[in-house]
Amino acid sequence: MYSEEHKLYLKKQIIYKWIIIGIQLFFILLFLFLWQILSEKEIINPFIFSSPKRVLETIVKLHKNQTLYNHIGITVYETLISFGIGTILGYFIASILWWWRSLYDIFDPFLTVLNSLPKVALGPIIIIWAGAGINSIILMALFISVIITIIHIYQGFKEVDLIKIRLMKSLGASKFQLYSKLMIPATFPNFISTLKVNISLTLIGVIMGEFLVSKEGIGYLIMYGSQVFNLNLVITGIFLLGIVAAIMYYFVCFIEKRLIKND
Amino acid sequence: MKLLLSIHNLKKNYHTKQGEIKAVEHFSYDMKEGEFVSIVGPSGCGKSTILSILCGLDKKSSGKIIKRENLKIGYMLQQDGLFPWRTILENCYIGLELQNDLTNENKEYVKSLLETYGLKEFMNAYPSSLSGGMRQRVALIRTLATKPDLLLLDEPFSALDAHTRLVVCDDVWNIIKKEHKSAIMVTHDVEEAISCSDQVIVLTERPASIKQIYPIQLTDKTSPIHNRSCKEFSSYYNQIWKDIDFHV
């Protein structure tokens, strides 16, 4: 059994946690309240700044004409596809670069250039190559996420403890055994942190792609809203995007918690 | 006694962009079965290089190494290098896994080693929950799991605090003797070398070559901790210390 002192300590911890949540909620409500009031009293222009009520109405409208879930679904779908392909492809290429060290030395400067190049510049080419559709959007997001995945994962391989590599070699490990029994498990935490970076990057890529070319999706909603000067739609789109991004991020965190044990 | 290993005129140069480093030169030694040999010398003189070459991690520049047929070598480093994602038992299996030799019989052998050396209850724990001394013992059992005839110990206790060091050194020595293994230990601790070994090799500054070999003969020689109180101990200590010629 715990002592009274320890119980008190635990109780304090819980209270602290709820106070934090309470303050966070307070700020959200305060923000929404001020936004609504200022907009209603026309202190800020409701046409340009919209208001929480108008956003809610827009969501309800989208829900009623059945397009809400389609827009969200298509964006999530594109993100997950690019995220999946980007992660697998990036991991694969990083592994090849690790396996043949000289390949890394050859391609390192190219990777650096590609990484610093603003990928949105490739937009027009991608549209011409892949057509004005979902393929272009996925390709756009891939370009953004895959290079950084390669660099991150490779960096992880490079940072594996030299002592452990020596140990494996002294026990007679083959290169494949070294890869499968040391490199992959040792870089697992690094892999998860790459996923976290990647999910946000992919979403950026998808929205960028949807800005350039699309007929549906949250990016389309925002773009369309701005073109017809319906700021309610634009802000609703941003709001939805925030929720989607947060859910995806927490999903990766959830996986991380389940998979990483002991240390 | 039978010869385990014969090193003749071993030479090793390292090449870096900055130039060539002569690490070892004219190193010759014949090692007998069951011997415990220590190598001491000024720091950075190339002691560890000799072990790396013996276990095949580094290539020699020239010289001859003749090993007894089917000689199996186990290597143990200063850092335990335990894998944090594997349990203690799984860590001890790694060598067997790599050599595709993870038979039931060998598994039982590893478990019996863990049991004999007081780690049975930690078999399914992860390395992070073990103390430094225990981790080093696990590292030794991991090395022993593949049943090597010769153990190469590269400053195996340097990462431990002074007290633990004595105890673990004694433990490890006892394990090695009990399992009838031969060992070469590199250390910078002269007392440790004398108390464990049958032979102490003193190396010169880089490039390392043999300055002197001391066969250690102590009256009432038992385990390392007791050996430290033998009457010849301090005279060996003084001689070797002078030989190494430490300067700061």
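Colleague: How many residues does the contact take from chain A and from chain B?

Modeller: Contact means heavy atoms within 4.5 Å. Here 17 residues come from chain A and 20 residues from chain B. This is a predicted model: local features need pLDDT of at least 70, side-chain atom pairs count only at pLDDT 80 or more, and totals for chains, interfaces and linings use all residues. Residues are numbered from 1 along each chain as its sequence is written, and side-chain values use heavy atoms, without hydrogens and water.

Colleague: What area do chain A and chain B bury between them?

Modeller: The size of an interface is often given as the accessible area lost when the parts come together. Buried area is that loss (1.4 Å probe), summed over both parts. Chain A and chain B bury about 1,900 Å², with 65% of it on carbon and sulfur atoms. In chain A, the most area is lost by A:Arg166, A:Leu167 and A:Leu171, together 32% of what that side buries.

Colleague: Which side chains meet in a salt bridge?

Modeller: The rule wants a side-chain nitrogen of Lys or Arg within 4 Å of a carboxyl oxygen of Asp or Glu. Across this interface it finds one salt bridge. A:Lys181 and B:Glu97 form it, at 2.9 Å, N to O.

Colleague: Is B:Cys92 buried or exposed?

Modeller: Buried means under 20% relative accessible area, exposed over 50%, partly exposed in between (1.4 Å probe, protein chains only). B:Cys92 is buried, because its relative accessible area is 0%. B:Cys55 also counts as buried, at 16%.

Note on methods
Chains lettered and ligands numbered in written order. Buried area = accessible area lost by both parts, 1.4 Å probe.
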